[in-house]
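Here is a short briefing on one protein model. Keep the sequence and the 3D view side by side as you read.

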Amino acid sequence: SRTGEPMTVSFVGSASAIGTSLTLPAHQAGDLLIVAAANSAGTVITVPAGWFRLHHRNADSTRSLMVAYKIATTAAEVSGTWTNANVMCAAVYRDDTNYITIGGMRFSGATSSTSLFYGPLTATGDTAGLITPNQWVIAVGMTGSNAGAAETAPTGFTNRVSQAGATVTELAIHDTNATVASVGALSVTLGVTTASMSVVASIEDIGVSKAGGGMLIHPGMSGGMRG
């Protein structure tokens, strides 16, 4: 949380698809919904209305990664169309008491490597690369090849979902499955040489009880758009 207090966060479910949209996992109002989309053409991926962009990077005609999130206001949220996405993954997280959102984040990327790099998130705070202690952390990784090992979680993480494209691209979402004080610089051996990108981000308790109901989350309340 913002004060470093422990949270009771749980992973709720995940989904994936090849294409520009997907069916979100079962969820309820107040849940944190995270969607990642990628392609291997370096073309810009657009975020549908209602989603807050965590990070987007497109580079050298080989890779593009978009990670966005929203706090569900109903149990029937939809992904919308993520133009230029090749593969997509989604994950749902829930706190037992308060609303949760995304805190500090770190981007990593490689033009050509046999490893997929993640992190680090260290120290304390709400800015890029920083993490308030006692938070869950998610890690999103993509590769330009669909034959690598992006589905392999880095040390200390649990893989929740992965999706390989028909001919190129692989995408995965992992998390720590527990609160952590920090995340060091990590890497996963891919087994192929390919372009890659990753986003590591903390899940933050915003200190507002869901018992009050009817809360509207504005970008400024969750750190705004990143990247």
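Two strands pair if DSSP finds at least two bridges between them. That idea is needed for what follows. The model is predicted.

- Strand 5 covers residues 87-95.
- Eight of its nine residues are buried, so strand 5 is largely enclosed by the rest of the structure.
- Strand 1 runs antiparallel to strand 5, and nine bridges join the two.
- Strand 2 also runs antiparallel to strand 5. Here the number of bridges is seven.
- Which residue of strand 5 is the bridge partner of L32? The partner is Y93.
- Y93 is the bridge partner of F11 as well.
- In a regular strand, side chains alternate between the two faces of the sheet.

**Nonpolar cores**

- The largest nonpolar core has 29 residues.
- Within this core, L65, Y93 and L171 touch the most other members.
- Several strands give two or more residues to this core, including strand 2, strand 4 (63-71), strand 5 and strand 9 (170-175).
- A second, separate core has 16 residues. Among them are A37, A85, A90 and V92.

**N39, in strand 2**

- N39 is found in strand 2.
- Is N39 buried or exposed? N39 counts as buried because its relative accessibility is 2%, and the cut-off for buried is under 20%.
- The side chain of N39 reaches the backbone nitrogen of A41 at 3.0 Å.
- The side chains of N39 and T43 are joined by a polar contact, also of 3.0 Å.
- Leaving out residues up to four places away in sequence, N39 touches I45, T62, R63, S64, N84, N86, M142 and T169.

**A29, in a loop**

- Where is A29 found? A29 lies in the loop between strand 1 (9-18) and strand 2 (32-39).
- A29 has a relative accessible area of 43%, so it is partly exposed. That class lies between the cut-offs of 20% and 50%.
- Leaving out residues up to four places away in sequence, A29 touches A72, T73, T74 and A75.
- A29 and Y99 are 70 residues apart along the chain. Their C-alpha atoms are separated by 9.9 Å.

Definitions and conventions:
Residues are numbered from 1 along each chain as its sequence is written. This is a predicted model: local features need pLDDT of at least 70, side-chain atom pairs count only at pLDDT 80 or more; totals for chains, interfaces and linings use all residues. Side-chain values use heavy atoms; hydrogens and water are left out. Helices (H or I, at least four residues) and strands (E, at least two) are DSSP runs, numbered from the N terminus. Buried means under 20% relative accessible area, exposed over 50%, partly exposed in between (1.4 Å probe, protein chains only). Contact means heavy atoms within 4.5 Å. A polar contact is a pair of N or O atoms within 3.5 Å; within protein, one must be able to donate a hydrogen and the other to accept it, and residues adjacent in sequence count only if both atoms are side-chain atoms. A nonpolar core is a set of buried Ala, Val, Leu, Ile, Met, Phe, Trp, Tyr and Cys residues joined through side-chain atoms within 4.5 Å.
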